[in-house]
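Reader: I am new to this structure. Could you go through the terms used for it?
Author: Here it is, with questions and answers to follow.

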2 protein chains.
Amino acid sequence: MKPYTHPAASEMTLPGVMQALSDPCRIEIVRALLNGGELACNEVELKVSKATKSHHFAVLRDAGLVLTRSEGTRCMTSVRREEIDRRFPGLLDLVLMEKPKRTRRKAG
Amino acid sequence: MKPYTHPAASEMTLPGVMQALSDPCRIEIVRALLNGGELACNEVELKVSKATKSHHFAVLRDAGLVLTRSEGTRCMTSVRREEIDRRFPGLLDLVLMEKPKRTRRKAG
DNA sequence: ATAATAATTCGACGATTGTCGAACAAAGGA
DNA sequence: TCCTTTGTTCGACAATCGTCGAATTATTAT
């Protein structure tokens, strides 16, 4: 019913997207969306309450990074990949970067 | 005299650098350093007090983005370009991105 | 109509942040 | 030695942030 407002791609700012991606939870969300395509908030596992999760989705939405559409009782969210790639090339690659897992190999 | 501590390159985190770059002042600082090489805090013009400017340099330093060395009464600061490029490829290109200046052209 | 599901909104809270002026410290030059 | 320059540190302050539980809305299923 309430139709989620999204900023135009041109409204995205560098400090804005940096800010949005400065929280580990939100990086995790974007990473999940990049890997999983369109997901409901429900389908992104986080160790925070649902209120907090909803907040993080809203922050990403307001920054212009994700697009949310209502479908039934769920909110399907996806990364605005093309627009981000056009405006901030390489940004999403950074998000996808593997965390430095300290594997137990002798030489890497 | 007091010898500025810097984190190892491996201590840099994605949320950490994003956080550090989420402030327009700090983006401006990094941009100036990328264009101007090694600069004293003094040589980066910002419309904030010197206390605040010192704070912003410290935040960038703690995030691992810049390296500061004492020279006389000045503190010469430079971007840790190679380490950042190795760990977060493309990050500095984002910082260098031109702000969307709305020029008055008819077609761009 | 009732219940269940999914998500948002509303305070509230402690923590962090950006900002400043004032005080301080270190180095260099008069 | 004293003064200037450069930068840091120290409260302090308002603003923002991340977090939560509880209440609310909206949709679907029974």
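Reader: How many salt bridges does the rule find across the interface of chain B and chain A?
Author: The rule finds 0 salt bridges there. The term asks for a side-chain nitrogen of Lys or Arg within 4 Å of a carboxyl oxygen of Asp or Glu. This is a predicted model, in which local features need pLDDT of at least 70 and side-chain atom pairs count only at pLDDT 80 or more, while totals for chains, interfaces and linings use all residues. Residues are numbered from 1 along each chain as its sequence is written, chains are lettered from A in the order in which they are written, and side-chain values use heavy atoms, without hydrogens and water.

Reader: What makes a residue part of the contact, and how many does each chain give?
Author: Contact means heavy atoms within 4.5 Å. Chain B gives 17 residues and chain A gives 17 residues.

Reader: How much area do chain B and chain A bury between them?
Author: About 1500 Å², with 79% of it on carbon and sulfur atoms. Buried area is the accessible area (1.4 Å probe) that two parts lose on being put together, summed over both. On the chain B side, Leu14(B), Met18(B) and Leu94(B) lose the most area to chain A, together 37% of what that side buries.

Reader: Which residues does Leu65(A) touch?
Author: Leaving out residues up to four places away in sequence, Leu65(A) touches several, among them Val17(A), Leu21(A), Ile84(A) and Leu91(A).
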